[in-house]
Amino acid sequence: MEKINWANREWLTRERWGRIHPSKSFCWYDPDCVNVDNKGYLHLSTDHSPTTLLDTNGATCTPTLGTGLISSMEDFSYGRFEIDAMLPTGKNKWPAFWLWGSETWPPEIDIFEGYTDNRRGYLKFNRFNPMGFWNLQTNIWTHGVNDKNYNLKAKTHFFGFKNPTRHFIKYSLLWLPDKIRISFNDYLVREITDKKTLSYFNDQKMRVVINNHFQKESSKDVYSDFVIKDFRYIPYE
């Protein structure tokens with residue numbers, strides 16, 4: 001199934017370029033890993049799902065792992081973007097909620113990318129904060145890959161005590177001409193206001209992507225379920 005209707009919108013069950021990530025040919029965007037339950041919740045799963053496909057270079061590859069992804073079929077501009085989601089568990093998982101340019105890459109706004117560790121969770125401890133941080137990143141991708149400053153990355157964010165794999169957390173982006181604000185459960189984790197960075201997003205059209213994924217290939221602890229209650233977009237006026 002190439003398309004799915006969810007949250008009153010039509011979505012692709014693959015990326016625009018196809019079903020294989022250019023740098024991760026061990027897995028593919030499997031439409032069977034995209035499902036909506038009787039509550040209207042979206043489930044993006046990962047599972048064993050061997051197949052044979054052509055990669056982005058036209059070469060035959062045989063990925064063994066399936067991942068769930070949806071990509072919007074409509075373009076978006078300034079406004080507020082939100083999901084309420086429960087993150088997947090398991091080793092080497094990589095769920096994400098992000099936007100990227102309708103015509104080119106970059107630009108890209110990663111509202112979050114989650115990274116699990118060998119303990120199957122997102123909680124990271126360090127000597128500066130013994131309470132730990134949830135290993136969720138925000139990323140702002142601006143100009144060409146040959147410019148060392150093209151990615152303004154903020155790594156782990158601490159946003160509260162609720163475990164994001166056991167509770168639905170609201171992940172929000174407010175994208176306006178004069179700011180980019182990213183919040184988790186209404187807790188501001190990042191704000192971009194400098195004009196140079198914002199200029200790369202001026203008058204851009206963006207597509208929304210929500211996906212479950214793998215950081216690296218694995219033969220164990222493969223199944224996971226990324227659950228999203230809904231998607232909301234409020235345009236800027």
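Let's start with a word we'll need: a residue counts as buried under 20% relative accessible area, exposed over 50%, and partly exposed in between, using a 1.4 Å probe and protein chains only. What you're looking at is a predicted model, where local features need pLDDT of at least 70 and side-chain atom pairs count only at pLDDT 80 or more, while totals for chains, interfaces and linings use all residues. Residues are numbered from 1 along each chain as its sequence is written, and side-chain values use heavy atoms, with hydrogens and water left out.

Now for E74, which is partly exposed, with a relative accessible area of 32%. E74 pairs up with R9 in a salt bridge, with the closest N and O atoms 2.8 Å apart. A salt bridge here is a side-chain nitrogen of Lys or Arg within 4 Å of a carboxyl oxygen of Asp or Glu. The two partners come from distant parts of the chain, 65 residues apart: E74 is in the loop between β9 (69-72) and β10 (79-86), and R9 is in strand β2 (residues 9-12). Strands are DSSP runs (E, at least two residues), numbered from the N terminus.

What does D75 meet in a salt bridge? Its partner is R207, at 2.5 Å from N to O. D75 lies in the loop between β9 and β10 and R207 in strand β20 (residues 206-211), so this pair ties together parts that are 132 residues apart in sequence. D75 is partly exposed at 37% relative accessible area, whereas R207 is buried at 17%.

Next, have a look at R80 and E82, whose side chains form a salt bridge too (3.7 Å, N to O). R80 counts as partly exposed at 30% relative accessibility, while E82 is buried at 10%. These two belong to a network of salt bridges that links R80, E82, D84, D230 and R232. In total, the structure holds 11 salt bridges.

Methods: Helices (H or I, at least four residues) and strands (E, at least two) are DSSP runs, numbered from the N terminus.
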